[in-house]
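I opened my notebook for a look through this structure. Here is what I looked up, entry by entry.

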Amino acid sequence: MIDILYFAWVRERIGLPKEQVETTAATVADLVAELKLREDRYAVAFEDISALRVAVDQELCDFDTPLAGVREVAFFPPMTGG
Amino acid sequence: MTVRVQEAGFDLGVEVQSFATRQTNAGAVVNFTGIVRDTAAGDLDRMEIEHYPGMTESALAAIDAEATNRWSLKDSLIIHRYGILRPNEMIMMVATAAPHRADAFEAAQYLMDYLKSRAPFWKKEFTTDGAEWVDAKDADEDALLKW
């Protein structure tokens with residue numbers, strides 16, 4: 001089981017802030033491909049992954065990051081702090 | 001080295017005074033404060049800032065540690081708010097203390113550049129026309145290249 005978190009417009013498009021997913025996806029990109037097949041709202045949110053950032057266990061990562069042993073994956077748009 | 005992520009407002013005068021007076025071996029203190037800017041049309045009702053609890057604190061601490069290491073800072077303070085903010089309210093502040101001003105200025109700029117694009121905060125603006133997420137600017141990402 002992996003906790004998946006969504007923030008900002010990704011959260012709004014998918015319609016929830018967090019969910020638990022049972023997955024055999026090897027990488028973040030594989031997980032995205034699985035999610036996109038679920039429902040339109042996921043396909044819409046993940047339509048252009050160049051517009052998204054991902055954190056794996058709360059560290060910014062690339063989409064080819066392996067998921068073995070990972071507890072938490074978060075998807076969000078580029079950050080706008082400050 | 002202090003990082004505070006909070007919903008409540010802060011008193012800029014009190015924070016900077018307290019930061020400056022607790023230094024023992026720093027000749028220079030620099031402060032930057034970010035304020036909610038109204039839209040060009042002047043119709044901003046509020047801004048809502050969302051963040052990623054846990055990662056926010058660790059990302060800010062990592063940015064702070066890097067700045068401390070690069071510029072031999074004596075001390076630093078980062079306060080960043082989340083939740084609902086009105087025009088002219090203070091969003092965040094950084095303060096740096098170093099023996100000389102060049103290090104304090106540069107480290108403050110580094111902290112700002114990195115926390116804009118690498119700390120997990122997202123701003124949404126609510127105007128009379130509706131609500132929109134603030135887009136990240138290419139210039140903010142480019143600013144990281146100079147470090």
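**Entry 1: a pair of helices.** I began with how α2(B) and α3(B) cross, and the crossing is right-handed. This is a predicted model, so I am reading a prediction throughout. The two axes come within 10 Å and cross at roughly 155°. Angles over 145 degrees count as roughly antiparallel, so α2(B) and α3(B) are roughly antiparallel to each other.

**Entry 2: who meets whom.** Next I listed the residues where the two helices touch. From α2(B) I noted B:Ala59, B:Leu60, B:Ile63, B:Asp64, B:Ala67 and B:Trp71. On the α3(B) side they meet B:Asp103, B:Glu106, B:Ala107, B:Tyr110, B:Leu111, B:Tyr114, B:Leu115 and B:Arg118. I sorted the residues of this contact by type and got ten nonpolar, no polar and four charged.

**Entry 3: the sheet.** In what order do the four strands of the open sheet in chain B stand? I read β1-β4-β6-β2, with mixed pairing. I then asked myself why β1 and β2 of chain B each have one side without a neighbour in the sheet. From one strand to the next, the twist averages 10°.

**Entry 4: one strand pair up close.** I picked β4 (residues 75-81) and β6 (residues 90-98) of chain B, which run antiparallel and are joined by six bridges. For B:Ile78 I looked up the bridge partner in β6(B) and found B:Val94.

**Entry 5: back to the helices.** With the sheet in mind, I checked where each helix lies. Helix α2 (residues 55-71) of chain B packs on the sheet and touches β1, β4 and β6 of that chain. The direction of α2(B) makes about 155° with that of β1(B). Helix α3 (residues 101-118) of chain B lies across β2, β4 and β6, and runs at about 145° to β6(B).

**Entry 6: the two chains together.** I turned to the contact between the chains, which takes 14 residues from chain A and 21 residues from chain B. In chain A, α1 (8-14) and β5 (72-76) each supply at least two residues of the side that touches chain B. That side of chain A divides into ten nonpolar, four polar and no charged residues.

**Entry 7: confidence.** Last, I noted the scores. Chain B averages a pLDDT of 95, and 100% of the residues score at least 70. For the complex, the predictor gives an ipTM of 0.95 and a pTM of 0.95.

How values were computed:
Residues are numbered from 1 along each chain as its sequence is written. Chains are lettered from A and ligands numbered from 1 in the order in which they are written. This is a predicted model: local features need pLDDT of at least 70, side-chain atom pairs count only at pLDDT 80 or more; totals for chains, interfaces and linings use all residues. pLDDT is the predictor's confidence in each residue, from 0 to 100. Two strands pair if DSSP finds at least two bridges between them. Axes are lines fitted to C-alpha atoms, for helices over the stretch in contact, and angles run from 0 to 180 degrees between N-to-C directions. Two residues are in contact if their C-beta atoms, placed from the backbone, lie within 7 Å. Ala, Val, Leu, Ile, Met, Phe, Trp, Tyr, Cys and Pro count as nonpolar, Asp, Glu, Lys and Arg as charged, and the others, Gly among them, as polar. Angles under 35 degrees count as roughly parallel, over 145 as roughly antiparallel, 65 to 115 as roughly perpendicular and the rest as oblique. A crossing is left-handed if the near helix is turned anticlockwise from the far one by less than a right angle, and right-handed if clockwise.
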